[in-house]
Amino acid sequence: MSQAPERIATEPADDLSEAGVPSTLLFATATGIIILNLFAPQTLVGIIGPSLGFSESGAGLVAMASLLGYAAGLFFLVPLADLMENRQLVLRMLLSALVMAIAAAFAPTGWSLLIFLFFLGAACSAIQILVPIAAAMTPPEHRGRVIGNVMSGVMVGILVSRPLASLIADYWGWRSFYAVSAAALALLTAVLALRLPQRRPLATVSYGALIGSLFQLLRDEPVLRLRSFTAALLMASFSLFWTTVALRLAQPPFSLTQSGIALFALVGAGGAAATSPFGRMGDRGWTRMATMASHLILLAAMALAAWVGEIRSGHPLALLILLGLSAVMLDVGVTGDQTLGRRAVNLLHPEARGRINGLFVGIFFLGGALGSALAGTVWDLGGWVAVCTVAAGFGAVALVTALSVRR
């Protein structure tokens, strides 16, 4: 291929920073719809487990299956974005997610559901191909803002997934959530087939060499290592909190029903508004200061949550508002660190943007899986205070790590 055609093919025709709200909103909506499938199982575990014969400990596998599948997709499917035409790759992955969502809705056994959820999670890693497409459509000076706006869809999807799944399951059963998800994925695939621009990668190596280069990128890029590590720590805090907060809310003085817990989860969606401000701070060169702020906000959130959670008397509504404030603060801290991290890694190597995004998000989702895996054990051993302490510990390690790096 000649130089000129290759250069034209690698850059989408549109400039997302100039295309206005509709194009950015499309990307944000797409990522939000796709991400619903990863976190909804956390709130459905109590329903799915008994219906398919899982024990209490075994039911936790339902919450982990899609997250582990997503991490696998990030490591082994997202790198294909540097080898294959991105539009076709995204559409194929969304069609696979659609098929797996339908299969999950009709899963006959618990183990078959775990397999379907794993592959559904892997196909949902298409999100991290959409983000580099958005980044490639944006000049570097506006990239932080656009990535932040697109990632707001991810954060809203994460935070809305739990209450949405809970409300749908309350009315029609847990299988209905995956039927609704399949319908949404079908509509999204049709829209993206019409609107998504082509993006041809520069890489000409084999798939094996592409996967092997992941380790080289991680070894050679200190920014990638640092941002992935701190994002994983904060994601562990996030998963630990949101996996156990429903247990605390069911206890006095809150004593919320499942519907009340679902509404509480909506409060955290306010943290998604932090993506754009943190992206703008990164664009202005304030990355280090903003990173420290995000970590400190998380530590303050966990201190407030621990204090509120230990109060057994007092006005329930006032305490619920304070706990909701801690949830918003937690989400702001996690969102801020991830937005700044995404901006930093997307400026490293344009020709390896798919692999870099796969590594970054795969590592921080492993942190999320760790938080979910620890949730039950920490809750059993020390209750709510132990949960908040461990979550704060993850944030403290992230802060110390960031402080130890001069630049």
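## Exercises on a predicted helical model

R248 sits in helix α11, which spans residues 222–249. The model is predicted. Its secondary structure comprises 16 helices and zero strands.

### Exercise 1: a charge without a partner

Task: Determine whether R248 is buried or exposed, and which side chain of opposite charge is nearest.

Solution. 
- Step 1. Check the burial: R248 is buried.
- Step 2. Look for a partner. The nearest side chain of opposite charge is E310, 5.9 Å away.
- Step 3. Apply the cut-off. A salt bridge needs a side-chain nitrogen of Lys or Arg within 4 Å of a carboxyl oxygen of Asp or Glu. R248 has no salt bridge.
- Step 4. List the surroundings. Setting aside residues up to four places away in sequence, R248 touches P253, F254, G309, I311, R312, W379 and W384.

### Exercise 2: two salt bridges

Task: Find how many salt bridges there are, then describe the setting of the one formed by D220 and the one formed by D337.

Solution. 
- Step 1. Count: there are two salt bridges.
- Step 2. Take D220. Its partner is R219, with the closest N and O atoms 2.9 Å apart.
- Step 3. Check accessibility. D220 has a relative accessible area of 40%, so it is partly exposed. R219 reaches 57% and therefore counts as exposed.
- Step 4. Take D337. Its partner is R227, and here the closest N and O atoms are 3.5 Å apart.
- Step 5. D337 belongs to helix α15 (residues 316–346) and R227 to helix α11. The two residues are 110 residues apart, and the pair links distant parts of the chain.
- Step 6. Check accessibility again. D337 is buried because its relative accessible area is 0%. R227, at 7%, is therefore buried as well.

### Exercise 3: the core and F365

Task: Identify which residues touch the most other members of the largest nonpolar core, and trace the surroundings of F365.

Solution. 
- Step 1. Size the core: it holds 123 residues.
- Step 2. Name the residues with the most contacts to other members: W242 and F365. Helix α16 (residues 353–403) gives the most to this core, with 18 residues.
- Step 3. Locate F365. It lies in helix α16. Its relative accessible area is 3%, so F365 is buried.
- Step 4. List its contacts beyond four places in sequence: I35, L38, F39, L67, Y70 and M235.
- Step 5. Compare sequence with space. F365 and L68 are 297 residues apart in sequence, yet their C-alpha atoms are 8.0 Å apart.
- Step 6. Widen the view to the chain. Among contacts between residues at least 6 apart in sequence, 86% join residues at least 24 apart. Buried residues make up 58% of the 407 residues.

### Exercise 4: aromatic pairs

Task: State how many aromatic pairs there are, and describe the geometry of the F238 and W242 pair.

Solution. 
- Step 1. Count: there are twelve aromatic pairs.
- Step 2. Read the geometry. The F238 and W242 rings are 6.5 Å apart, centre to centre, with 50° between the planes.
- Step 3. Classify. Planes under 30 degrees apart count as stacked, over 60 as edge-to-face and the rest as tilted. The F238 and W242 pair is tilted.
- Step 4. F238 and W242 are both buried.
- Step 5. Look for a cluster. Ring pairs link F39, Y70, F360, F364 and F365.

Key:
Residues numbered from 1 in each chain as written. Predicted model: local features only at pLDDT ≥ 70, side-chain atom pairs only at ≥ 80, totals over all residues. Heavy atoms only, no water. Helix = DSSP H or I, 4+ residues; strand = E, 2+ residues; numbered from the N terminus. Buried < 20%, exposed > 50% of the residue type's maximum accessible area, 1.4 Å probe, protein only. Lys, Arg positive; Asp, Glu negative; His and termini not counted. Contact = heavy atoms within 4.5 Å. Core = buried A, V, L, I, M, F, W, Y, C linked by side-chain atoms within 4.5 Å. Phe/Tyr/Trp six-rings, centres within 6.5 Å; stacked < 30°, edge-to-face > 60°.
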